[in-house]
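I opened the model today to look up a few things. My notes follow in the order I took them.

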Amino acid sequence: MTVAPRPFAVRGATSIRAAGHPVRVWLRANAALLLVLPTLVFLGCFLVAPYVDMLVMSFRNPSTTSVFAPGYTVGNYTRALTDPFYLAVLAKTIAFGAVTTAICMVIAYPVAYHLARTRSRFRGLLYVCVLSPLLVGVVVRCYGWIILLANNGLINNAVKKLGLAPHGLPLMYNAFGVGIGLVHVFLPFMVLPILSAIQSIDPALEDAARSLGASRARTMFRVVIPLSLPGIQAGAILVFVLTISAYVIPVLLGALKFKMMSTLVIQLLIDAFLWPFGAALAFILSASGAAIVYLFIRATGRLMKGMA
Amino acid sequence: MRLNRLWARPGRVLFLGFVIAAYVFLLLPLAIVVLASFNAGELLTFPPQGLSLRWYLHFFNSTPFMVSLYFSLKLAAGVMVLSTLLGTAAALYVVRFAGKWRDVLRLLIVGPLLLPEVLSAVALLFFFYSIGFGKTVGALVVGHVLITLPFAFLAVSSVLYNFDTSLEDAARSLGAGKFTTFRRITLPLIKPGVISGGLLAFIVSFDLFAVSLLLKGIGMETLPIQLFDYVTWDFDPTAAAVSTVSIAITLIMVLLMERMVGLRSLRF
């Protein structure tokens, strides 16, 4: 009875001596928080605050003499959503994003399947080739396409010399040129998720389907593709979101002749100084993108459940 | 023999042909830029008019290009250090200690990667103006760190998820302090993630365009911006030489990554 309380007394005494002030007690228990604190402060100041600032901006009254007038309104949103011009650009941007995503899917799937199943010793090299559009700057990539596709570029020079089309082909400053640039840079975002999805499929399943008499094509369409749907879904979402918000490629390869929503938004914000209206338009684009991604996830989710 | 077997299966030939065409498409613009930079002629024509290094000479003698190359390298190095420090520490917390907050924190830190780069840049520009920070080197660094931070974070956290914590427990039970355990056990084990994340941050910062375009002040031309200006007005192959040098710098970083940690560590 007289011995038992001692350890408690000792432990209590040291912890009070070491801890002291309640703030210090809390810090000691959560010292690991210090690891993430700098990042949290950084993102709070330079990611969350700027976006909140922009959201507030989109509800401010427009002004002709300064960037905004006092007071708040939803007029920027109603104006954008009732103007046929902006709606048409929005629809065009979304349609363009869908087509780009579909083309990426068709090109990426065979590449991903090959890379997942090949036993070549150049595997690592092929992997770097797939990543290469991401590793090289956007200006350099576009410059390469400009050399090829411009009105006096390599392809048009060749076409003119061969007499196929005396005035050359319109390969740039239109949807075709921008589409090529976008498919090229976003292809890795489609290949990588599909690649990891295919890698997680046991090759024995394919062997089983084949040995049960299914043709190669049937095995592909009934076994491999359904099992890799999660990868296709992830890749499609990434490519779609990136495409509808792409800015630099439409500017470089489309000049100002092929207008997408993001180029329009930046033009309004930077050149025309219409900050409230431009901010509203930016959020309308983001919200439409998010809504389409949500519908896409619901639709494909049902499809995947049906197959499983 | 192998070819014979291959031709017996037209589907396989079609498949491989398609895959090869896709790789050609992926590498085409880069190959064209590199080839054009060695072309002797004034204009970009095909077939090339002989080999020459004159456009490289033109590049190395051009003060604006050399100044911007130097500025870009300095900026990318600084951004690499900052992003790696922030990203590594944050990854350690998120994977080890975050508990129920893990997914929220992950989403927040990866956020700049999911949000449109140009929109983040515009939001930052407005924000810096409203707090009176303006277009300074600091603003540019903040923009670059914001975009590159997710890469460093993802690279380190993917290593941490496959980390055997019993090694740390062993060190601690053998009497090592927390800091010694971190220095001698944790750090060497997460090194591949830290290095590949840092090098990736360097590459991304070196090539960043939209953020630099909106946040740069006067005299803060990075190499991609200088290149963009040049391509807008001139059509001579100096731009191709600049592009090739910039591709070479990226390639050196990729090779460094491969030699130091292997490209396999680039799993997200």
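I call two residues in contact if their C-beta atoms, placed from the backbone, lie within 7 Å. This is a predicted model: local features need pLDDT of at least 70, side-chain atom pairs count only at pLDDT 80 or more, and totals for chains, interfaces and linings use all residues. Residues are numbered from 1 along each chain as its sequence is written, while chains are lettered from A and ligands numbered from 1 in the order in which they are written.

**Val138(A)**

I started with Val138(A), which is found in helix H7 of chain A. Helices (H or I, at least four residues) and strands (E, at least two) are DSSP runs, numbered from the N terminus. What does Val138(A) touch, not counting residues up to four places away in sequence? I found Val248(A) and Ile249(A), plus Asp207(B) and Phe209(B) from chain B. For burial, I count a residue as buried if 20 or more other C-beta atoms lie within 10 Å of its own, exposed if 12 or fewer, and partly exposed in between, with C-beta atoms placed from the backbone. Val138(A) counts as buried because it has 24 C-beta neighbours inside 10 Å.

**Lys74(B)**

I then looked up Lys74(B), in helix H4 (residues 63–96) of chain B. Is Lys74(B) buried or exposed? It has 11 C-beta neighbours inside 10 Å, so it counts as exposed. Its C-alpha atom is separated by 15 Å from that of Thr250(B), 176 residues apart along the chain.

**Chain A overall**

I noted 15 helices and 2 strands in chain A. Its radius of gyration is 28 Å, well over the 19 Å that the globule rule gives for 308 residues, so chain A is more spread out than a compact globule. The radius is taken over C-alpha atoms, and the rule is 2.2 Å times the number of residues to the power 0.38. Along the principal axes, the C-alpha atoms fill a box of roughly 105 × 75 × 40 Å. Buried residues make up 39% of the 308 residues.

The domain bounds come from an automatic or database domain assignment. Chain A is divided into domain 1 (1–31), domain 2 (37–73) and domain 3 (77–307). The C-alpha centres of domain 1 and domain 3 of chain A lie 60 Å apart.

**Where the chains meet**

How many residues does each chain give to the contact? Chain A gives 52 residues and chain B gives 55 residues. On the side of chain A that touches chain B, H3(A) supplies the largest share, 14 residues. That side divides into 39 nonpolar, 10 polar and 3 charged residues. Here Ala, Val, Leu, Ile, Met, Phe, Trp, Tyr, Cys and Pro count as nonpolar, Asp, Glu, Lys and Arg as charged, and the others, Gly among them, as polar.

**Helix H2 of chain B**

I checked the length of H2(B), residues 10–37. Its 28 residues should span 40 Å at 1.5 Å a residue, and its end C-alpha atoms are 39 Å apart, which agrees. The expected span is 1.5 Å times one less than the number of residues. I also found a kink of about 45 degrees at Leu27(B), shortly before the proline Pro29(B). The bend is the angle between axes fitted to the seven residues ending there and the seven starting there. The buried residues of H2(B) include Leu26(B), Pro29(B), Leu30(B) and Val33(B). What covers the buried residues includes H5, H6, H7 and H9 of chain A, together with H3 and H12 of chain B.
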